[in-house]
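Q: I would like a close look at one part of this protein. Please start there, then connect it to the rest.

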Amino acid sequence: MLHGTAVSEGIGLGRVMVLKEYALVHGTHRNADAAAEKTRLLQAVQQFCENTAQQVEMLKNTAGKEDAGILECQIEMAQDPALREEVGALIDSGRSAESALKEICDRYIGFFANSHDELTRLRGEDLRDMRQSLLCLLLGVEGTSPSQAPRGTVLVAHELTPSMMSGVDRDRIVAIVTEAGGRVSHASILARAMGVPTVCGVSGAIGRLREGSFIIVDGTRGDIIITPDQEMIEAYWLKRAEFIDEAKKMEHFRHRKTVSASGQNYQIFCNISMPSGSAGALNSGGEGVGLFRSEYLFMNRRQPPDEEEQTAAYIQTAQGAQGRPTVIRTIDVGGDKEIPSLPQEQEENPFLGLRGIRWCLKHQEIFMTQLRALLRAGVAENTDIRVMFPMVSTIEELREGRELLRKARAQLESQGIPCAPYLPVGAMVETPAAVFLADSLAVESDFLSVGTNDLTGYVMACDRGNSTVSEMYAVFQPAVLRALQFIASCGVKRGVPVSICGEAASDPRLIPLLMSFGIHSFSVSPGAVLGVRSVVSSWANPRADKLAREVLGMQTLEEVMEALERACRES
Ligand code: PEP
Ligand code: MG
């Protein structure tokens, strides 16, 4: 048996097809005619853009609009004037289009790959994908594509790229195994969106999995069974059928209200990072957008979007949500989010540095542009925009943010530009300081939203991306649970709604506790909506309260986990 990171749930049984990456260009080929080489490059870029646009259309049908955007950004990269200029200069120095393109792309890929920031590393993945496709076009060789795979194929590759994923036909490909990549790599996001069971990070998979051999992939547990016997094969067909049945049962929750077993109402919103994601949020059964990570609008570009572009993006987001609540979080840069289009200093300890609202208050020109755009979008018809500040740790930050929003409104009014007379303002509770101030923050906010991803890290003093302390980084730690209970109680006391928007909001073990603490709104990734609704509907409030009382009295993580897992098995 092999084991890796479980990336996309489900079971796939089928025959192995290994996708090999070919080394396409060696050395520094020379050219005799720089102008002719540049024309070849231009033609390859044009062809690449046309091919990719077609792949985007295919992906829209199989994975969805938002995920197709992953490939769209490769078109922008290929057309980037700076990239073309750098490749052109190498061609002028006598190099062939292929070797010039490879050298420049490899330089950037290396730079991106060494970044601490996950998103920047993902950019490197996209760039490598684009480079491979362009080199194939320049050299006139067929790219490696899974589109020819027969039915019942398990794709095995060193690393899958987003463009390879566009060739994945759900009827032919039953599972995917890769040696590299992780849960948040782009190919993994696409695999989840398409519902293909996938396991990543399986070292040595290509050497161990024979072409044509029959294997089983368990995308829920991250297991790969290399030589299954008949008994095992039958057991896994059964497991697969059960998984598909479970998924079908969830459908029943798609167009329902979110109600606990004892009749209390809840709401489930979605976390999105692209304007087009809001329509997907509703399609997934979400009741609006609980967190739009607006900093994503500033990624993959050299200059930040201007006021017009941002206004259009926020209108698209809110109208895509069909006038349902749309919480737009202002730029959350810093920490693990490096955004090249925004000014950022190198910091010794970026997680304790200029992040979120702190950064916005230091870069008021950029912040004011965003606030003006939000206010302008707020008057568009069929929109319900709410503004949320990230990483708040003092009352002054909240007040200053609100003051700048007032100033932005006054500016627009004096310029005669239509804008919203009022937008609700919320604060994220992600730092221990915000927990202790939750009561005061509640008094001065229209809503609070708990970012458990960061809050867990800051309460436990554990870096959220550091695997050596990953066992300690747990939302179920008694200290974190008590913080959550306290924040919720402040909201209840002040009559201010508190929602949860970190990943933990979709953990079935945490949901009954959150319900008991007085949380009525969850914001989760679109794929998790139906699962959360189903869990909420399975808990009667008195039973959730009993569990919460028991758990809050516990002293250790182990005791908490044991109690919650037992309760989940019984529910
Ligand atoms: C969080 O910290 O829980 C959160 C939702 O914000 P992000 O993951 O974008 O830091
Ligand atoms: Mg956060």
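In which loop is Q322 found?

A: Q322 is found in the loop between α11 (307-320) and β12 (325-329). Here helices are DSSP runs of H or I with at least four residues, strands are runs of E with at least two, and both are numbered from the N terminus. This is a predicted model, in which local features need pLDDT of at least 70 and side-chain atom pairs count only at pLDDT 80 or more, while totals for chains, interfaces and linings use all residues. Residues are numbered from 1 along each chain as written, chains are lettered from A and ligands numbered from 1 in written order, and side-chain values use heavy atoms, without hydrogens or water.

Now look at the backbone. Q322 is not a glycine, yet its phi is positive, near 55 degrees. Q322 counts as exposed because its relative accessibility is 53%. The cut-offs, with a 1.4 Å probe and protein chains only, are over 50% for exposed, under 20% for buried, and partly exposed in between.

A461 also has a positive phi, about 55 degrees, without being a glycine. This residue sits in the loop between α17 and α18 (478-494). A461 has 70% relative accessibility, so it counts as exposed.

Next comes the packing. The largest nonpolar core has 100 residues, and L484 and F522 touch the most other members. Helix α13 (residues 364-377) gives the most to this core, eight residues. A separate core has 24 residues, including L41, L101, I104 and L127. A nonpolar core joins buried Ala, Val, Leu, Ile, Met, Phe, Trp, Tyr and Cys residues through side-chain atoms within 4.5 Å. Leaving out residues up to four places away in sequence, L484 touches V450, T452, L455, V475, I500, L510, L514 and F517. Contact means heavy atoms within 4.5 Å.

A cavity is a set of points on a 1 Å grid over the protein atoms alone where a 1.4 Å probe fits but cannot get out; lining residues have an atom within 4 Å of a point. Points are joined across faces, edges and corners, and the volume is the space filled by probe spheres set on them.

The largest cavity has about 80 Å³. Its lining has 14 residues, with L160, T178, A187, S188 and C200 nearest the centre. Helix α7 gives the most to this lining, three residues. By class, the lining holds seven nonpolar, five polar and two charged residues. Ala, Val, Leu, Ile, Met, Phe, Trp, Tyr, Cys and Pro count as nonpolar; Asp, Glu, Lys and Arg as charged; the others, Gly among them, as polar.

The second largest cavity has about 60 Å³. L41, V45, A78, L83, R84, V87, L101 and L134 line it.

Notes:
On a 1 Å grid over the protein atoms alone, a cavity is a set of points where a 1.4 Å probe fits but cannot get out, and a pocket is an open set with protein on both sides within 12 Å along at least five of seven lines; lining residues have an atom within 4 Å of a point.
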